[in-house]
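Welcome, and thanks for opening the viewer. Let's take a short walk together, one selection at a time.

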Amino acid sequence: MVHAVNDTATTRQAAHDYVDHLERRDWPGLAGLLTDDVVYEMPQTRERIRGRDAFLQFNIEYPGDWHLRVRRVVADSGVAALWLDVRVGDEQQDACVWLEVSEHGLISRVVDYWPEPYEPPQGREHLAERW
């Protein structure tokens, strides 16, 4: 489906609202952002959750005292990419989330990427700085 240019603002707002409702554990508010047949995927574990009710239950039951903060949102028409600061207790992790938003402004697909930090290979110290 082709989205109009003005859908970008709607998509950007849906991305911010998605994180806000998750962070506040506002499950009815989150439900209102999702299509009935939303698909949620986690490529690292190769898990897929289908449907709003199952996705809500997954988040309600997710363990730990997790917190989300948006670092950046990039939106174009009906898609958005989010870079999140995720914290569980004292642990911090970055996450990347891809959203697809329907022509009605509802989130129809969520893909979560949870990259793990690792040490770089030897031999490129002269090219790269570490932070």
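Which strands does helix α1 lie across? Select residues 7-23 to show α1, and you will find this helix lying across β1 (34-42), β3, β4, β5 (91-101) and β6 (107-113). Its direction makes an angle of about 175° with β3. Keep in mind on this tour that you are looking at a predicted model.

**The sheet**

Next, colour the strands. There are six in an open sheet, ordered β2-β1-β6-β5-β4-β3, and their pairing is mixed. At the edges you will see β2 (47-50) and β3 (66-76), each of which pairs on one side only. On average, neighbouring strands in this sheet are turned by 20° against each other, direction ignored.

**Walking in from β3**

Select Arg-72 to see it standing opposite Trp-83 in β4.

Now move on from β4 to β5, again an antiparallel pair with ten bridges. Pick Leu-82 and look in β5 for its bridge partner, Val-97. The hairpin that β4 and β5 form has two residues between the strands, and Gly-89 in the turn shows a positive phi of about 65°.

One more step takes you from β5 to β6, antiparallel and joined by six bridges. Here Glu-100 stands opposite Arg-109 in β6. Five residues lie between the strands of this hairpin, where Gly-105 takes a positive phi near 85°.

Now select residues 52-61, which make up helix α3. This helix lies across β1, β2 and β3, and runs at about 50° to β1.

**Into the core**

Which residues touch the most other members of the largest nonpolar core? Show the side chains of Tyr-18, Leu-30, Phe-55, Leu-82, Leu-99 and Ile-107: they do, in a core of 30 residues. At least two core residues come from each of α1, α2 (27-31), β1, α3, β3, β4, β5 and β6. The largest share, five residues, is supplied by α1. In soluble globular proteins, nonpolar side chains tend to be buried together.

For a last stop, centre the view on Phe-55. What does Phe-55 touch, leaving out residues up to four places away in sequence? Its contacts are Tyr-18, Leu-30, Leu-34, Val-38, Tyr-40 and Ile-49.

Methods:
Residues are numbered from 1 along each chain as its sequence is written. This is a predicted model: local features need pLDDT of at least 70, side-chain atom pairs count only at pLDDT 80 or more; totals for chains, interfaces and linings use all residues. Side-chain values use heavy atoms; hydrogens and water are left out. Two strands pair if DSSP finds at least two bridges between them. Helices (H or I, at least four residues) and strands (E, at least two) are DSSP runs, numbered from the N terminus. Axes are lines fitted to C-alpha atoms, for helices over the stretch in contact, and angles run from 0 to 180 degrees between N-to-C directions. Contact means heavy atoms within 4.5 Å. A nonpolar core is a set of buried Ala, Val, Leu, Ile, Met, Phe, Trp, Tyr and Cys residues joined through side-chain atoms within 4.5 Å. Buried means under 20% relative accessible area, exposed over 50%, partly exposed in between (1.4 Å probe, protein chains only).
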